[in-house]
Amino acid sequence: MTATLSKVDRGRAQEARPRPPRRYRLSNLDTKVSPYLFVAPFFVLFATVGLFPLLYTAYVSLFDWEVGADEPAFIGLENYRTLFQDDQFWNALFNTFSIFLLSSLPQIVVAVVLAALLNANLRARTGWRMGVLLPYVASLVALTIIFGNLFGPQYGLVNDVLTAVGIGPIDWQASTFGSHVAIASMVNWRWTGYNALIVLAAMQAIPRDVYEAAVVDGASALRQFFSITLPLLKPTLIFVVITSTIGGLQIFTEPKLFEPSGGSGGGAEHQYQTVVLYLYQSAFQGLDLGYASAIAWVLFLVVITVAALNFFITRRAVR
Amino acid sequence: MTTRRPSFVIYGLLGAFVLGSAFPFYWSYLVASRDNSVLTGDFTLIPGGNFFSNAMRVFDTIPFWKALGNSFLVSGTVTLSVVLLSTLAGFAFAKLRFRGRGVLFLFVVATLAVPTQLGIIPLYMAMAEFGWAGEMEAVIVPNLVTAFGVFWMRQYLLDAIPDELVEAARMDGCSLWRTFWHVALPAARPAAAMLGVFTFMQSWNDFLWPLVVLNADNPTLQVALEKLQSGYYVDYSLVLAGTTLATIPVLIVFLVLGRQIVAGVMQGAVKG
């Protein structure tokens, strides 16, 4: 109703006066300015809590900046020099990549197989899809605590089962490889179903006549999968890899809570301390903000580099 | 070939996978329902009768209800704001013409890959300066709108609203704000609902930043669980009673909205 009224309104106004009515000038201003106001909240917020802190991290990293110190001393690149000679940092970087590889590679293989299973003409389709997505919605903190219990070296269920089948207990906390496998299994458990649904969506986007042509040519189901489905899934798989890279290199919650009362060291010999965990330990327990900022900035460059690398590989693969 | 019902092998494999997905939840309840003394070594899959007494001990040990309230407050506020502000910006990017639109949108997309989490040190310094350290504002304000939200809403609104509709509203003298409110927002409802669900879950599970900026007296649920675990690690029936209690609200949400969440994940894949 308001719409028709204002239409009449404006018609009258235009008849009465030769120069553009006030309303029109206002609406002109509205057209010019409002779009900027609409997108402004995002840019203002990103600038203040996203971009500025990142840049300021680089600034802080040039100082000997302890929490509560009055006058942080400028020391140039000293923090970086120390960092590159810091065994604990290289160890954390190694752990991060090791856990990342152990979690992303098996995850993608299982996700593709799972998606192929879900792509069958199932009864209660949505029910199955919800079933595999269940881990994704669970609270990460709660799950990490539960997995920490399952992988407990003495009374953990995993070791009970391993002992029962004769493999014998493994010290999931003390050994480097063991702890990486345990932490990677949390990541896998959480994300495999989610990624399977993404792959499933891509599978369903493949036109059916491609398969029909293959059937006419006598291709087996297995042959169809490897010669049609898998190549056409490539862009989606690379997308999955990129998103899991950006998250995976910043892994924190799982190593932080893996061992009860484990603190932030990532094990007695830092055997599963990741880079973000080391950053957290340096900043909020060591209270050395300058050094922690150097860690943050180096990790930032690593993440951006890996993401950019992934991006260019994707573009080539898609072409 | 596609119309044939799949064999029991496929159902068996899927069933095993779903059981594996659900098992840690059940295990958590299992441990939480027993007496701590029987935990040493022997395991059974039958729950005991101590869940309520263990839950009571959780309430005595950590400020559980306060943490739950805080988590609802934070996630609720963040969700409302993200949905509203993202739809607003998404509408502008999808349907309005303004100088610099292309470049600005490219910037939004680029920020999707920026690990802003790594700026927590200056962010913490700023919050301490504002006097927000330990307050809920510190975990709400930085998350009021996201690049993902803007991107998601823009992609949806591109096709969801015909350009003619926006133009007609303008012809009728609607301001852009009213066009947004009466045309874009109703049309955006399906995508906004999905964005809401995902934002809520993400905010609910957020851990690193709340752990840094909040304290044990006034925590979110995730921070409270961490305190429970780091302080009472020997007492697994207590700690896992806490994780079970914290998981119940999420499971309820999943049972109610699971269908939409599945659709959201699959749609995101096609659009992304």
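Mentor: pLDDT is the predictor's confidence in each residue, on a scale from 0 to 100. This is a predicted model, in which local features need pLDDT of at least 70 and side-chain atom pairs count only at pLDDT 80 or more, while totals for chains, interfaces and linings use all residues. Residues are numbered from 1 along each chain as its sequence is written, and chains are lettered from A and ligands numbered from 1 in the order in which they are written.

Trainee: Where in chain B is confidence lowest, and where is it highest?

Mentor: Helices here are DSSP runs of H or I with at least four residues, strands are runs of E with at least two, and both are numbered from the N terminus. In chain B the lowest confidence falls in helix α13 (residues 236-271), with a mean of 84, and the highest in helix α3 (residues 64-95), at 96. The average pLDDT of chain B is 88, and 93% of the residues score at least 70. For the complex, the predictor gives an ipTM of 0.88 and a pTM of 0.88.

Trainee: What makes up chain A, by helices and strands?

Mentor: Chain A has 13 helices and 2 strands. Of its 319 residues, 38% count as buried.

Trainee: Why is Ala196(A) called buried?

Mentor: A residue is buried if 20 or more other C-beta atoms lie within 10 Å of its own, exposed if 12 or fewer, and partly exposed in between, with C-beta atoms placed from the backbone. Ala196(A) has 29 other C-beta atoms within 10 Å, so it is buried. It sits in helix α8 of chain A.

Trainee: What is Ala196(A) in contact with, beyond its neighbours within four places in sequence?

Mentor: Two residues are in contact if their C-beta atoms, placed from the backbone, lie within 7 Å. For Ala196(A), the contacts are Ala111(A), Leu114(A), Ala115(A), Leu118(A) and Val132(A). Its C-alpha atom is also 6.0 Å from that of Val112(A), a residue 84 places away in sequence.

Trainee: Why does Val113(A) count as partly exposed?

Mentor: Val113(A) has 16 C-beta neighbours inside 10 Å, so it falls in the partly exposed class. Val113(A) belongs to helix α4 of chain A. Its C-alpha atom is separated by 8.0 Å from that of Ala196(A), 83 residues apart along the chain.

Trainee: How do you know that Ala201(A) counts as buried?

Mentor: Its count is 20 C-beta neighbours inside 10 Å, so Ala201(A) is buried. Ala201(A) also lies in helix α8 of chain A.

Trainee: Which residues have the most contacts inside the largest nonpolar core?

Mentor: A nonpolar core is a set of buried Ala, Val, Leu, Ile, Met, Phe, Trp, Tyr and Cys residues joined through C-beta atoms within 7 Å. The largest has 152 residues, and Leu133(A) and Ile295(A) have the most contacts inside it. Helix α8 (residues 176-204) of chain A supplies the largest share, 15 residues. Beyond four places in sequence, the contacts of Ile295(A) include Leu83(A), Phe89(A) and Val275(A).

Trainee: What makes the phi of Ala124(A) worth a remark?

Mentor: Its phi is near 55°, a positive value in a residue other than glycine. Most residues other than glycine have a negative phi. Ala124(A) is in the loop between α4 (87-118) and α5 (125-137) of chain A. With 10 other C-beta atoms within 10 Å, Ala124(A) is therefore exposed.

Trainee: Where is Leu287(A) found?

Mentor: Leu287(A) is in the loop between α12 (275-284) and α13 (289-318) of chain A. Its phi, near 60°, is positive too. Because 14 other C-beta atoms lie within 10 Å, Leu287(A) is partly exposed.

Trainee: How many residues does each chain give to the contact between the chains?

Mentor: Chain A gives 80 residues and chain B gives 79. On the side of chain A, helix α2 (residues 22-60) gives the most, with 19 residues. By class, this side has 58 nonpolar residues (Ala, Val, Leu, Ile, Met, Phe, Trp, Tyr, Cys and Pro), 5 charged (Asp, Glu, Lys and Arg) and 17 polar (the others, Gly among them).

Trainee: Why is α6(A) called roughly perpendicular to α1(B)?

Mentor: Axes are lines fitted to C-alpha atoms, for helices over the stretch in contact, and angles run from 0 to 180 degrees between N-to-C directions. Helix α6 (residues 140-150) of chain A and helix α1 (residues 8-32) of chain B pack at about 75°, with axes 10 Å apart. Angles under 35 degrees count as roughly parallel, over 145 as roughly antiparallel, 65 to 115 as roughly perpendicular and the rest as oblique. So α6(A) is roughly perpendicular to α1(B). Among the residues making this contact are Phe147(A) of α6(A) and Trp27(B) of α1(B). The contact has 7 nonpolar, 2 polar and no charged residues.
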